[in-house]
Amino acid sequence: QMKKRLISILFILCLTVALSLSVSAESNKLTYAVGASAPTVSANTEFTILVEVTENTGICWLKAIVTYDSSVLTYVEASSDTSVFKDATITVNNRYDKNNKGTAIVVAGTMSVIFQDNPTIYTETGTFVELKFKVDANAAPGNTTITVNTEVGDAIKIVNGGSDFDYKVTSASTTINVVGSTHGQ
């Protein structure tokens with residue numbers, strides 16, 4: 001009887017330890033938040049989008065894709081002066097496709113990180129980048145959305161010379177209300 005009770009206690013103890021280890025083994029996560037300096041903007045007016053990282057289990061290199069309607073908005077410039085990726089080089093490339101989809105590609109760090117054994121791992125949260133847009137002078141009134149996402153394989157952590165691309169990334173978006181054209185005023 002005592003032996004059965006001891007085996008039961010050991011089984012419960014082992015199960016408890018196994019469950020606690022599986023809960024504490026945290027996967028790689030990155031979560032974005034996006035906010036606009038003004039939720040309502042007139043045509044021919046500039047405004048700023050603040051892209052933040054609100055959850056970050058550690059990253060060495062990151063590519064964020066910011067999409068917007070280029071028939072309504074024009075990308076103006078980026079600022080990374082207050083970025084949580086303080087030492088990383090942040091670059092923004094902008095392109096358009098034939099369906100009026102504008103894409104600003106924001107990269108933190110350089111791909112050479114994959115050749116380093118133990119590069120800097122950024123775990124901070126806060127401002128990633130500020131992006132300035134201008135509403136086109138002839139933009140029709142209505143809502144337009146700006147979305148930030150990172151595709152599979154576009155987030156890397158290097159630990160002890162090993163690359164880890166397995167991230168759960170939560171995208172974010174913000175909607176801007178464009179009102180009356182100021183064209184001709």
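Reader: How many helices and strands does the protein have?

Author: The protein has one helix and 13 strands. Helices (H or I, at least four residues) and strands (E, at least two) are DSSP runs, numbered from the N terminus. The model is predicted: local features need pLDDT of at least 70, side-chain atom pairs count only at pLDDT 80 or more, and totals for chains, interfaces and linings use all residues. Residues are numbered from 1 along each chain as its sequence is written, and side-chain values use heavy atoms, with hydrogens and water left out.

Reader: In what order do the elements run?

Author: From the N terminus on, the order is α-β-β-β-β-β-β-β-β-β-β-β-β-β.

Reader: What share of the contacts with a separation of 6 or more joins residues 24 or more positions apart?

Author: Start with the term. Contact means heavy atoms within 4.5 Å. In this protein, residues 24 or more positions apart account for 80% of the contacts with a separation of 6 or more.

Reader: Now burial. What percentage of the residues count as buried?

Author: Buried means under 20% relative accessible area, exposed over 50%, partly exposed in between (1.4 Å probe, protein chains only). Of the 185 residues of the protein, 34% count as buried.

Reader: And what is the accessible surface of the protein?

Author: Accessible areas come from the Shrake-Rupley method with a 1.4 Å probe; for residues, only the protein chains shown count as cover. The accessible surface of the protein comes to about 10,500 Å². Carbon and sulfur atoms hold 52% of that surface.

Reader: Which residues of the largest nonpolar core touch the most other members?

Author: The idea first. A nonpolar core is a set of buried Ala, Val, Leu, Ile, Met, Phe, Trp, Tyr and Cys residues joined through side-chain atoms within 4.5 Å. The largest one here has 38 residues. Y32, F85, F128 and F133 touch the most other members.

Reader: Which elements give two or more residues to this core?

Author: They are strand 1 (28-36), strand 3 (46-56), strand 4 (61-69), strand 5 (73-79), strand 7 (101-108), strand 8 (126-135), strand 9 (142-149) and strand 13 (172-179). Strand 8 gives the largest share of this core, five residues. Another core lies apart from it, with seven residues, among them W61, I105, I156 and I158.

Reader: What is F128 in contact with, beyond its neighbours within four places in sequence?

Author: F128 is in contact with Y32, V51, E52, V53, L62, A64, S80, S83, F85, I90, V106 and A108.

Reader: Which way do strand 3 and strand 8 pair, parallel or antiparallel?

Author: Two strands pair if DSSP finds at least two bridges between them. Strand 3 and strand 8 pair in the antiparallel sense, over eight bridges. V51 stands opposite V129 in strand 8. Strand 5 and strand 8 also pair in the antiparallel sense, over six bridges. There, S79 stands opposite E130 in strand 8.

Reader: How many salt bridges are there?

Author: A salt bridge is a side-chain nitrogen of Lys or Arg within 4 Å of a carboxyl oxygen of Asp or Glu. By this rule the count is three.

Reader: Which residues are linked in a network of salt bridges?

Author: E46, E77 and K132 are. K132 forms a salt bridge with E46, with the closest N and O atoms 3.8 Å apart. This pair links distant parts of the chain: K132 is in strand 8 and E46 in strand 3, 86 residues apart. K132 also meets E77 in a salt bridge (3.4 Å, N to O). K132 lies in strand 8 and E77 in strand 5, so this pair ties together parts 55 residues apart in sequence.

Reader: Why does K132 count as partly exposed?

Author: Because its relative accessibility is 26%. E46 is partly exposed at 41%. E77 is partly exposed, with a relative accessible area of 41%.

Reader: What does D154 form a salt bridge with?

Author: D154 forms a salt bridge with K63, and the closest N and O atoms are 3.7 Å apart. D154 lies in the loop between strand 9 and strand 10 (155-159) and K63 in strand 4, so the pair ties together parts that are 91 residues apart in sequence.

Reader: Is D154 buried or exposed?

Author: D154 is buried, with a relative accessible area of 11%. K63 counts as partly exposed at 23% relative accessibility. Not counting residues up to four places away in sequence, D154 touches W61, L62 and K63.

Reader: Last, the surface. Which residues form a nonpolar patch?

Author: Patches are made of residues with over 30% relative accessible area and no salt bridge: like charges are joined within 9 Å, nonpolar side chains (Val, Leu, Ile, Met, Phe, Trp, Tyr) within 5 Å. Here M111, I114, F115 and F165 form a nonpolar patch on the surface, with about 410 Å² of accessible area together. F165 lies in the loop between strand 11 (162-164) and strand 12 (167-170). F165 is partly exposed, with a relative accessible area of 39%.
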